[in-house]
Amino acid sequence: MRLIIRIAVVVAVLVLGWLAWPYLQSAEKQAKARHRELFKLASKRDWKTAGTFLSPNYEDQWGSRPSEALDLARDLMAGFIILEIKWEDTEISANETIVKVRGHARMEGNGMGVSQMVMTKVNQMQEPWVFTWKKEGWKPSDWKLMSVTNKELEGVGLPSDL
């Protein structure tokens, strides 16, 4: 009987540790996990779920609000039949509530319309993208995207100039 109780206690501690682990991770790791999830959603073109990752206060360098940014992404990536977006970090800076993830996106896929032009442009970019995440609650999933910028696209009007 004692053995069963000990095993039950060990199992309970392991399960609680597993459930608590995301809450115990650093701000950087939590935001980076959300960042990776967002890229998976974009690769699948799951814009409804991706929209839940954007803060209501989101604004990018073109002045787009959340719904406008999602509409633009939907339009630019609509022609892809197959798409995978890969991310490579170059720098991450963090404090308790703000994380900036800098890096390069690479696109692989096939499609019609402007899809090949979009993929070529993204893959040729030398300047890193900067994604700014803010924690808007207490859960690890409460990291919301506040802005996206890229110096290489300054002065570029979207979407016609892309």
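**Entry 1. Salt bridges**

I looked up Arg65 and found its side chain in a salt bridge with Glu59, at 3.5 Å from N to O; the term requires a side-chain nitrogen of Lys or Arg within 4 Å of a carboxyl oxygen of Asp or Glu. This is a predicted model, in which local features need pLDDT of at least 70 and side-chain atom pairs count only at pLDDT 80 or more, while totals for chains, interfaces and linings use all residues. Residues are numbered from 1 along each chain as its sequence is written, and side-chain values use heavy atoms, with hydrogens and water left out.

I noted that Arg65 is partly exposed at 32% relative accessible area, and Glu59 likewise is partly exposed at 42%. Here buried means under 20% relative accessible area, exposed over 50%, and partly exposed in between, with a 1.4 Å probe and protein chains only.

By this rule I recorded four salt bridges. One of them joins the side chains of Lys32 and Asp89 at 2.8 Å, N to O. Lys32 lies in helix H2 (residues 27-44) and Asp89 in strand E1 (residues 80-94), 57 residues apart. Helices (H or I, at least four residues) and strands (E, at least two) are DSSP runs numbered from the N terminus.

I also found Lys86 bridged to Glu108, with the closest N and O atoms 3.1 Å apart. Lys86 is in strand E1 and Glu108 in strand E2 (residues 98-111), so this pair ties together parts 22 residues apart in sequence.

**Entry 2. Aromatic pairs**

I counted three aromatic pairs; rings of Phe, Tyr and Trp (its six-membered ring) pair if their centres lie within 6.5 Å, with planes under 30 degrees apart counted as stacked, over 60 as edge-to-face and the rest as tilted. The ring centres of Phe39 and Trp87 are 5.0 Å apart and the planes stand at 45 degrees, so the pair is tilted. Phe39 is in helix H2 and Trp87 in strand E1, 48 residues apart.

Phe39 is buried, at 10% relative accessibility. Phe39 and Phe131 have ring centres 5.6 Å apart and planes at 55 degrees, so that pair too is tilted. I noted that ring pairs link Phe39, Trp87 and Phe131 into a cluster.

**Entry 3. Nonpolar core**

I looked up the largest nonpolar core, which has 36 residues; Ile85, Met107, Phe131, Trp133 and Leu145 touch the most other members. Such a core is a set of buried Ala, Val, Leu, Ile, Met, Phe, Trp, Tyr and Cys residues joined through side-chain atoms within 4.5 Å.
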